[in-house]
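Please look over the sequence and the structure shown here before reading the notes that follow.

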Amino acid sequence: MNKKAYFVHMPKTAGNSVRAVLRDRNLLTNPGYEKYQRTHHFASRNAQRVMGSNFSFTIARNPFDMLVSYYIHYIENPKKNWIDHGWANVNGHHGFESFEEFIRFYAKCESNEWHVPLLNKNLFGQLLDDNNEASVDYVIYYEKMPQGISELLFLLTGNTENISLPRKNVSQQREHKKYQYFYTDELKDLIFNKCEWELKTFKYDFEGYAGPSLEKIEELI
């Protein structure tokens, strides 16, 4: 029998695309058919993987890139008169009018001032419990997603296959610009300081990522 995994979905990491691939193969214990299964789980809120899962995993993304996607995220629903301007309406909530405003506030504000305080305390804070210990078993790297998902499938099924991920919730605001385009030297330094732990622990730098596609969290934290 195939194993099953519990997915800890961090924002702006192509989580909906990953969920679709694994759900179609019946490999998730939180496939997302119910709304509570699609929420962004926080370990510090005692989010536990559900019974029947053999292990849990998440997806990490370069913080510099992740923050660009966080800012430019935009979804509009005219029928419900609802706009998501920035992930979880961060720009609407704080009134940001530029990426520079967004980064400066994120890097300098008190955590409780951010629209989701735990994500200001640590951009990857969903992986940690109240004692700052990892509560997820594996990490797949966004930058090597197809290979990472293929490795995960092997852990779950014992089979190998090449993966083509569907594109979901792709921002139209980016215009194919690389994330480095959005940063001045000053903004870059702010994030190097703010996200020092995330960058060092997961082996990211401003230029990108050059590590493996999948790792055990216990080997990192």
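The sulfur of cysteine 109 lies 12 Å from the closest cysteine sulfur, which belongs to cysteine 195, and this is too far for a bond. Please keep in mind that the model is predicted, and that the notes below are grouped by topic.

**Cysteines**

- A disulfide is a covalent bond between the sulfur atoms of two cysteines.
- Because a pair of cysteine sulfur atoms must lie within 2.5 Å to count as a disulfide, the separation of 12 Å between the sulfurs of cysteine 109 and cysteine 195 rules this pair out.
- Cysteine 195 is in no disulfide, since the nearest cysteine sulfur, that of cysteine 109, is 12 Å away, and the count of disulfides comes to zero.
- Cysteine 109 counts as buried, with a relative accessibility of 10%, and cysteine 195 also counts as buried, with a relative accessibility of 0%.

**Helix α6 and its surroundings**

- Helix α6 covers residues 145-157, which makes 13 residues, and from its first C-alpha to its last it reaches 18 Å, close to the 18 Å expected at 1.5 Å a residue.
- The buried residues of helix α6 are Met145, Gly148, Ile149, Ser150, Leu152, Leu153 and Leu156.
- These buried residues of α6 pack against the strands β1 (5-8), β2 (55-60), β5 (138-141) and β8 (214-216), and also against the helix α1 (15-24).
- Glycine 158 follows α6, and the phi of this glycine is positive, near 80°.

**Helix α1**

- Seven of the ten residues of α1 are buried, so this helix is largely enclosed by the rest of the structure.
- The buried residues in α1 are Gly15, Ser17, Val18, Arg19, Ala20, Val21 and Leu22, and what covers them includes β1, β2 and α6.
- Just after α1 comes asparagine 26, which takes a positive phi of about 60°.

**Helices that cross**

- The axes of helix α4 (residues 99-108) and helix α7 (residues 185-194) come within 9 Å of each other and cross at roughly 30°, which makes α4 roughly parallel to α7.
- The crossing in which α4 passes α7 is left-handed, and in it Phe99, Glu100, Ile103, Arg104, Tyr106, Ala107 and Lys108 of α4 meet Glu186, Leu187, Leu190, Ile191 and Lys194 of α7.
- The axes of helix α2 (residues 63-72) and helix α4 come within 10 Å and cross at roughly 120°, and α2 and α4 are therefore oblique to each other.
- The crossing in which α2 passes α4 is right-handed, and the contact is made by Leu67, Val68, Tyr70 and Tyr71 of α2 together with Phe99, Phe102, Ile103 and Tyr106 of α4.

**Two residues and their contacts**

- Serine 53 sits in the loop between α1 and β2, where this serine is buried, with a relative accessible area of 12%.
- Leaving aside residues up to four places away in sequence, serine 53 touches Lys4, Ala5, Tyr6 and Thr29.
- Histidine 85 is found in strand β4 (residues 82-85), and at 33% relative accessibility this histidine counts as partly exposed.
- Leaving aside residues up to four places away in sequence, histidine 85 touches His73, Tyr74, Val90, Asn91 and Gly92.
- Histidine 85 and tryptophan 114 are 29 residues apart in sequence, and from C-alpha to C-alpha they are 15 Å apart in space.

**Positive phi in loops**

- Most residues other than glycine have a negative phi, and most peptide bonds are trans.
- Asparagine 132 is not a glycine, although its phi is positive, at about 60°.
- Asparagine 132 is found in the loop between α5 (117-121) and β5, and this asparagine counts as exposed, with a relative accessibility of 52%.
- Lysine 203 is likewise a residue other than glycine with a positive phi, in this case near 60°.
- The place of lysine 203 is in the loop between α8 (196-201) and β6 (204-205), and at 37% relative accessibility lysine 203 counts as partly exposed.

Definitions and conventions
Residues are numbered from 1 along each chain as its sequence is written. This is a predicted model: local features need pLDDT of at least 70, side-chain atom pairs count only at pLDDT 80 or more; totals for chains, interfaces and linings use all residues. Side-chain values use heavy atoms; hydrogens and water are left out. Buried means under 20% relative accessible area, exposed over 50%, partly exposed in between (1.4 Å probe, protein chains only). Helices (H or I, at least four residues) and strands (E, at least two) are DSSP runs, numbered from the N terminus. The expected span of a helix is 1.5 Å times one less than its number of residues. Contact means heavy atoms within 4.5 Å. Axes are lines fitted to C-alpha atoms, for helices over the stretch in contact, and angles run from 0 to 180 degrees between N-to-C directions. Angles under 35 degrees count as roughly parallel, over 145 as roughly antiparallel, 65 to 115 as roughly perpendicular and the rest as oblique. A crossing is left-handed if the near helix is turned anticlockwise from the far one by less than a right angle, and right-handed if clockwise.
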